[in-house]
Amino acid sequence: MPGASGMARQGYSDGRLAIIAGRGLLPLHLARAARAEGEDPFIVALKDEVDHRFDDFESISVGVGNLAAIEKSFRDLKIGRVVMSGGVARRPEWRDIRPTFKTILKMPSVVRTLMSHGDDTVLQMVIKLIEAMGCTVIGAHEIAPALLARLGPLGQVSPTGDDLRDIEKGTEAALALGQLDIGQGAVSVGGRVVAMEGVEGTDAMLQRVAELRQSGRISARRRGVLVKLCKPQQDMRADLPTIGPSTVESAVKAGLAGIAVEAGRALVLEEQAMIAAADAAGIFVCGIEPSLDHGGLQ
């Protein structure tokens, strides 16, 4: 598979790469991967969202709704390609939005989308706003393809027959949830869906599962599986399902047998550390293909 610099020559806009950075480790992984491929990425660190430092990279800190400052930086630095990465905990209030000249007339539509639509619709709007700045939005997987989950078990532990049943139930639930543009993950225990991801995110959902298990609402004898998938209508350029060591830690606390993510469409961060933690805890992490029986694991 070609590296990021090779892909950058295959039809993307000319110009420097910018990484819009929210919460989590993904932005930092992308910045380092891009630099390894000869890029000089510019970091747009979102205020009150980004939780890692980018001291070794040229960067700007802006509010999530400050389109004018972002466009000025893109224009001054001749940015041609943009990657959106990391989580955003809150949507900007309409009073926080600093529109560009081109987006002033779009403000009523922007505010309505922020107030009343799901994450996927909001991300589509953000992509269009960035493209209106003359940039091409590309996916995180195009910068760091090695982060994509592979089909099958990633560590030493494999799912059992009961686990495969939970993977199927979790897959059905995650796809239905994604179709509604609500979330990407679901937990099935003993063939019964016990939790579905909302705006709180995966780790908070797993904490809820742990509390339900401690209270006796979920059987202590059955373990269960976390399934994370792309939404059926998901644009691969934004918000791909992501797991890492913290996901394994949360799954262990929730008493789960393992984690299943969509192969080729989900990102795995700090894979070696994550697999080491999963193997030590005796849980599996695997990539699945939702369209196949048992996720393509048999």
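Is D181 buried or exposed in this structure? With a relative accessible area of 12%, D181 is buried, where buried means under 20% relative accessible area, exposed means over 50%, and partly exposed lies in between, all with a 1.4 Å probe and protein chains only.

1. Basis of the note. This is a predicted model, in which local features need pLDDT of at least 70 and side-chain atom pairs count only at pLDDT 80 or more, while totals for chains, interfaces and linings use all residues. Residues are numbered from 1 along each chain as its sequence is written, and side-chain values use heavy atoms, with hydrogens and water left out.

2. Overall composition. The secondary structure comes to 10 helices and 13 strands; helices (H or I, at least four residues) and strands (E, at least two) are DSSP runs, numbered from the N terminus. Of the 298 residues in the protein, 49% are buried. Among the contacts with a separation of 6 or more, 74% are accounted for by residues 24 or more positions apart, contact meaning heavy atoms within 4.5 Å. The protein exposes about 13900 Å², of which carbon and sulfur atoms supply 51%; the accessible areas come from the Shrake-Rupley method with a 1.4 Å probe, and for residues only the protein chains shown count as cover.

3. The sheet. Six strands form an open sheet with mixed pairing, in the order β6-β13-β11-β9-β7-β8; two strands pair if DSSP finds at least two bridges between them. Because β6 (152-153) and β8 (192-196) stand at the edges with a single partner strand each, one side of each is left without a neighbour in the sheet. Within the sheet, β9 (residues 225-228) and β11 (residues 258-262) run parallel and are joined by four bridges, and V225 stands opposite G258 in β11.

4. Helix α9 and S250. S250 lies in helix α9, which spans residues 245-253, and S250 is buried at a relative accessible area of 15%. Its side chain makes a polar contact with the side chain of D203 at 3.2 Å; a polar contact is a pair of N or O atoms within 3.5 Å, where within protein one must be able to donate a hydrogen and the other to accept it, and residues adjacent in sequence count only if both atoms are side-chain atoms. Leaving aside neighbours within four places in sequence, S250 is in contact with D203 and L206.

5. Cysteines. A search of the whole structure finds zero disulfides, a disulfide being a pair of cysteine sulfur atoms within 2.5 Å.

6. Backbone angles for a second look. Most residues other than glycine have a negative phi. D181, in the loop between α7 (161-179) and β7 (185-189), has a positive phi near 60°. E270, which is not a glycine, has a positive phi of about 50°; E270 is placed in the loop between β12 (267-268) and α10 (271-281), and counts as partly exposed at 35% relative accessibility.

7. The loop at G63. G63 is placed in the loop between β3 (59-62) and α3 (67-76), where G63 is partly exposed with a relative accessible area of 26%. The C-alpha atoms of G63 and D48 are separated by 7.8 Å, the two residues being 15 residues apart along the chain.
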